[in-house]
Amino acid sequence: MKKAEMAGSFEPGKVEQKWYDFWMEKNLFRAEEKSSRKQFSIVIPPPNVTGMLHMGHALNNTLQDIMIRFRRMQGFNTLWMPGTDHAGIATQNVVEQELARKGITRHDLGREKFIEKVWEWKEKYGGVITNQLKRLGCSCDWSRERFTMDEGLSRAVREVFVRLYKDGLVYQGDYIVNWCPRCHTAISDLEVEFKEEKSWLWHIRYPYAEGKGEIVVATTRPETMLGDTAVAVNPKDPRYKDVVGKYVILPLVNRKIPVIGDDYVTMEFGSGAVKITPACDPADFAMAERHSLEVIKIMDGSAVINENGGKYQGQDRYKARENIVRDLEKGGFLVRTEAYTHNIGQCYRCKTDIEPFVSKQWFVKIKPLAKAAVAAVVKGRTKLVPAMWEGTYFDWMTNIRDWCISRQIWWGHRIPVWYCDDCQEVIVSTDEPSACTRCKGAKLRQEEDVLDTWFSSALWPFSTLGWPEKTNDLKTFYPTSLLITGFDILFFWVARMMMMGLYVMKDVPFKDVYLHALVRDEKGDKMSKSKGNIIDPIKMIEKFGADAFRFTLAAFTAQGRDIRMSEERIEGYRHFINKIWNAAKFSLMNLEDYPDDYKPKPADFSLADRWILDRLNNAVADVTGHLDEYRFNDAAGRIYQFIWHEFCDWYLEMIKPALYRSQDIRRKRAAQHTLVQVLRTTIKLMHPFMPFMTEELWQKFRNDGSSVMVSEFPAADERGFDPDAARDMEIVMGIISVIRNIRGEMNILPAKKVRTVVSVSDPETVRMLSEWQDYIVNLARLETISLGTEQEEPKGAATGVFGPARIYVTLEGAVDLAGERQRLEKEIVKVSKELAAVSKKLSNSDFKQKAAEAVVRKEELKLQDLKEKLGILETAAEKLKAISA
């Protein structure tokens, strides 16, 4: 084999860009729109065009790339469709903030000029996250990259809206929505985040309009009483059986409002009576519809009290609250105030408290669409992994509300609806009309609102493939094979893609959906700027390399469990990368005289050769099975186990004599042949996880211009399993491990060779051990070994057992028994004192309460280590005592 120069350690910074450019130049990421090969396709969850790579992106795209590279190597025609999302509210906010720094508002520019500014911003900054994905090693088909506002996708959006409208599934109406006073737009239920807040519950007296008496209602939002149009009680509540139908006087406003009966009212809350403000609460709005109550809007779009608020007009909602509470107290209407903790809804983008707001909005009738999407999962047409998410999916889809799809912003897909000012005709069309379809007038104005960002995202699996055109891509790759995304957008995105895919394409958008968990810090806390615990993926790539970073993510991705990440863990896998590198370097050094076309005979292979090939075949079978089932952590763990603990720790050590000083050239060639086979197979096995290092090693081994990325992924071979070699080597390794343990316990110096006796009852095992005893002699550092079926125990020997073998290690001349006992006793005293001190510290309640969590955890780990150390020392002392006796 040709000599290859290798650095002392793997240097990712010198090779990552080189190999990514190599893959791009050779078009290795490209999918074929027509192919006889079986297809495997994934659409990327499009990151926001405003985005920067965070740990969630890094995890999600690493897992996608693992699956794409795996299937590509298995011979599939693979498509990983990339793209970005226009992110309506987020992008508009970013550009508005940029303009604000120059003292300009979007209204100063006007709609068209502002949209031009957003496009300028997108062209300048929109590619940042795409380049960061390339740094991670993502093998997307960049020739097909899409953007949710590009012409093709915009056409698909208009087409679907018009179809839904014509099918009676889109309607416009006055409805109460979640309104962000900062973004000045409606947001969906899913875009509301809840924050626990300590507040107050105000109990307010509403006097009867006639006669004496009053009803006391409790509220957390006294400012909304300005829009009260009723007081509601439960008709079954005996306290109020005679008051339904009467009227009360609304304090401060002095308006008569009715007392109504409704089963929705909970008798146990407060006084059992509630104020009804239809314009400020979704439940109250629904109740107003049932009882034909007036809806009085008391706030404008900035959450400022309007003309219906009397003397409070012009006041911010929270300033109005202060003044109303003061006036209620002054007027004798405030009965009492009590502390109350409840959840406040906030805009997921700007964190402003949302305001329920009645306005004219566009909606999708969602229940008919949801029914089909539920059935698809029930019938197994789409599988959710892990299956634990099915219950959540079914529950949400069953209780789903109509989807508010209009947003009062400028950046996004403008709703394809036009109004005729001459005859008030409403025109819904995929193309801009030149004249009214009814009166032929030309005074047309388009709907001001844009569509919810998630509307275009819901079409992503088929719009990116060219729909509504009947493209080859659509024919070849729809439905897609797999979607990998976070569980947190199961309803935002996954459910909506299911509904739209089934509605438009009459088929599910993907066959499998893998929902991964969140990436948290090492303590399990959510990463945030305020906590200072954010891990920057790009910094980790620069520090440790993309391969170590990717492998760490995969190694900790267990189904249904959050990932605890730390820089130390990434660094640990950086050491693993170097372990692989050094093993490859050692192998190449010992393959320089190996003829590539050499074919050893079966009898030439040693037990170690046969064993490592069996373990390799097992590893290939396991990794393939784990990836087929999306068990990324198990696949990564199996690779780690094979390379570090089987190949490096055992096999390489066992074959060194054959490579270095073997007089048997056939045995040496067999070992070299095995090395080549194991390394080439392992490089392929690792490639989906560690693309850059494996490409670098592949070129060292092949040097023929090919790429590991399009080599054939290893497949387990039934003929490659060797249970006899596995059984025999287990005994050999077990005996070596027992001797090593005894050496450690007895503090025998590594350079000191010892005499060992091994007694086994089975003659066939003795024969096998005799043939391969050099492994035991070399790896256990033995002077001599005596093997037999009825070996006597030597005097002054330490004893160990493994399976059918009893192992005796003679200590005479290897250990100063008296001196070693004295050393152990001193060490036991020292460790016992340390253990007592740490135990005392941890039993002190003041220490546990006042010390930082990290400090306490450090002491707990120290206690555990000291206990283990003391146990080992005491066991060794007992053994020495028994031997001396």
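Strand S5 (170-180), strand S7 (192-207), strand S8 (214-219), strand S12 (273-276), helix H8 (282-291), helix H9 (317-330), strand S13 (334-347) and strand S14 (355-364) each contribute at least two residues to the lining of the second largest pocket. Helices (H or I, at least four residues) and strands (E, at least two) are DSSP runs, numbered from the N terminus. The model is predicted, and local features need pLDDT of at least 70, side-chain atom pairs count only at pLDDT 80 or more, and totals for chains, interfaces and linings use all residues. Residues are numbered from 1 along each chain as its sequence is written, and side-chain values use heavy atoms, with hydrogens and water left out.

The volume of the second largest pocket is about 1200 Å³. Its lining comprises 41 residues, of which Thr 220, Arg 221, Cys 280, Asp 281 and Pro 282 are the closest to the centre. By class, this lining has 20 nonpolar, 10 polar and 11 charged residues; Ala, Val, Leu, Ile, Met, Phe, Trp, Tyr, Cys and Pro count as nonpolar, Asp, Glu, Lys and Arg as charged, and the others, Gly among them, as polar. On a 1 Å grid over the protein atoms alone, a pocket is an open set of points with protein on both sides within 12 Å along at least five of seven lines, whereas a cavity is a set of points where a 1.4 Å probe fits but cannot get out; lining residues have an atom within 4 Å of a point. Grid points are joined across faces, edges and corners, and a volume is the space filled by probe spheres set on the points.

Across the whole structure, 2 cavities of 30 Å³ or more are found. The largest cavity holds about 70 Å³ of space. Helix H18 (567-589), helix H20 (632-661) and helix H21 (665-686) each give two or more residues to its lining, and H21 gives the most, with 4 residues. The lining of the largest cavity has 9 nonpolar, 1 polar and no charged residues. The second largest cavity, of about 40 Å³, is lined by Ala 279, Cys 280, Lys 297, Ile 298, Met 299, Glu 355, Pro 356 and Phe 357.

In helix H6 (residues 128-136), the residues Ile 129, Thr 130, Gln 132, Leu 133 and Leu 136 are buried (under 20% relative accessible area, with exposed over 50% and partly exposed in between; 1.4 Å probe, protein chains only). These residues lie on the same side of H6, because they cover an arc of only 160 degrees around the axis, taken from the directions from the helix axis to the C-beta atoms. Their cover includes helix H2 (55-73), strand S3 (83-84) and helix H17 (546-555). In H17, 10 of its 10 residues are buried. His 86, in the loop between S3 and helix H3 (88-100), is buried, with a relative accessible area of 0%. Beyond its neighbours within four places in sequence, the contacts of His 86 include Val 49, Phe 147, Trp 411 and His 413 (heavy atoms within 4.5 Å).

Strand S18 (residues 417-420) is covered on both faces, with Val 417 and Tyr 419 buried on one side and Trp 418 and Cys 420 on the other. S18 runs antiparallel to strand S19 (residues 426-428), to which 3 bridges join it; strands pair if DSSP finds at least two bridges between them. Val 417 stands opposite Val 428 in S19. S18 also pairs in the antiparallel sense with strand S20 (residues 444-446) over 3 bridges, where Tyr 419 stands opposite Arg 445.
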